[in-house]
Amino acid sequence: MQLNYINVFFQLTTYEIKIILRSTVAWITPHIFYVIIVCLFPIAIGHDQELLVSMAPGVIWVAALLATIISMGHLFQNDYHEGYLDLLLVSTYPLSLLALTKITSHWICHGLPLILISPLLGLMLNLSVEELYALIFTLLLGTPVLSLIGAIGAALTVAVKGNGLLLPMLIMPFYIPVLIFGTGIMIMTHQNMPVIAYYAMMGALVLLSLGFAPILTGQALKIGASR
Amino acid sequence: MCIHNHQLCINDLAFKHEHYVLFSKLHQIINPGEMIQVRGHNGSGKSTLLRILAGFLEPHKGMVTWNGHCITKNREDYIENMTYIGHLNGIKSNLTVYENLRLKCTLFSSSKDLNIILKKIGLEANSQIHAQNLSAGQLRRLCLAQLMLTSAKLWILDEPNTALDDAGQSLLNTLVIEHIANKGMAVIATHQALTLTPTKTIFLGDHHAT
C-alpha cells in the first residue's frame, strides 16, 4: 500500500505538472512579474550602489513572495470550477496525499524557475558571489515553505467569489518567518557572520510545514468544497 | 449487520438556506439492487440533497448513515463504496481524452483496459484530442467513464443525462441497469423518464406529490 502511495504520488504529480505547463500564460506571468518588480528598484533608486546592495535581499525576497502568491491563486481555482475537486474528494486516496501532489507540482513549476532566475537578478543588484550562493540556498529552502503554507490559504478561499486579494491578506502574515530568516541569512553573509543556525531554522520551517500543510490543505479543501 | 449487505439510510434529513427550508423530514432506505430517483422542480434542492449524500455538505438536521455509521464520521469506509458525478464534468481541459482517462484510473486505482472504455464511450477516434475541443456531450461521455472505472457499490448521479445524445443515453441506461443487476445501488436526480423503473422515488419541493 505504501509503495502504491508513492507510485500514485509520482503519477499524479506528472499530470499536474503537465496541466500547469500547458496553460502557458498562467504559468509564465508570475515569473515575468518577479523579474519586473526586481528591475524596477534599481531604476527607482538610481546608481547608489551601497544602497542597492543593502536593499537587494529584501527586494528579491519580497518579489519572490508576491510572485508565489500570484501563482497560488490558480492552485485549486480551476479544479473547483471544472468539478475536478469533487473527483479528488471521492477518490479513495487520502486528501493530504492529493494535496501534496498539487503542492509539489506547484513548487516544481513556480518555485524552481524563481530560483533559477534569481542569480541573474542578484548580479544586476551587484551582489557578491557569496551572497549569490546564499540567495540560491535561502530560496531553495524558502520557496517550498511558501508553496506549502500558501496551499492552505488557497484551499480555504477556493469557493470565495472574487478572492483576488483575500488570499494574499490571509497568508502574507504566515510568510513573515520565512522572510525574516531568508533576508537575515543574506544580510549576515554580507557582514561575514556565521549563518549556519539561520539555515537550520529555515530547514526546520520546511520540515514543519511539510508535516502539517498537506493535512491542513486536505481539510481546508473539504471545507472549501462545501458551498 | 452483515458487512456484505450494504445499506444507505437517510434519517430525518433537513437542509435550510439562510431564510427558507429547502427540504425537511426526509426518510429513505436504499438497499443493494435498488435505484432511487430524486425528482423535483428546479431549485427544489435535488443537487443539494445529492451533495449531502456524497458527504460534501452537512445537513442542518438528521443524518445519512452507511451500514449504520454516519457518513461524515466514517468517511473512509464510505468513500471506498461511493462515487459521485455532479453537474460539472471534472475534466481537465488541457489534458487529452486519453490522459484524462488515465488520470481518473490513477485516482480510482483502477487497472481496466482504457481502449475498451474509449470504444464504449465512443471517443476512440478522439483519444489524442485535448478535452477543451470536445463538445458538451462528448465531455459528459468522458465523465461517465468514471462509472466504468470505479468499483463503488453506490452511485450518486446528478442529472447524468445532460447534453447526451440518444446513443449516450442508452449507454448510460445500460451502465445503470448492469450496475443494479450486480446488486449495486444508485441515487439519480433527473427530470427525464428512466428506462429502468426506479424502486423508490424521492419527491422534493412538492409535498403533495408523495
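Which residue in strand 2 of chain B does Cys9(B) stand opposite? The views below belong to a predicted model, in which local features need pLDDT of at least 70, side-chain atom pairs count only at pLDDT 80 or more, and totals for chains, interfaces and linings use all residues. Residues are numbered from 1 along each chain as its sequence is written, while chains are lettered from A and ligands numbered from 1 in the order in which they are written.

**View 1. An open sheet in chain B has 4 strands in the order 2-1-4-5, with antiparallel pairing.** Strands are DSSP runs of E with at least two residues, helices are runs of H or I with at least four, and both are numbered from the N terminus; two strands pair if DSSP finds at least two bridges between them. Strand 1 (residues 8-16) of chain B is joined to strand 2 of chain B by 6 bridges in the antiparallel sense, and Cys9(B) stands opposite Ile29(B). Strand 2 (21-30) and strand 5 (69-70) of chain B are the edge strands, each pairing on one side only.

**View 2. Helix 7 (residues 129-156) and helix 9 (residues 196-225) of chain A pack with their axes 7 Å apart, at an angle of about 20°.** Axes are lines fitted to C-alpha atoms, for helices over the stretch in contact, and angles run from 0 to 180 degrees between N-to-C directions. Because angles under 35 degrees count as roughly parallel, over 145 as roughly antiparallel, 65 to 115 as roughly perpendicular and the rest as oblique, helix 7 of chain A is roughly parallel to helix 9 of chain A.

**View 3. The contact between the chains takes 19 residues from chain A and 24 residues from chain B.** Two residues are in contact if their C-beta atoms, placed from the backbone, lie within 7 Å. Helix 1 of chain A gives the largest share of the side of chain A that touches chain B, with 7 residues.
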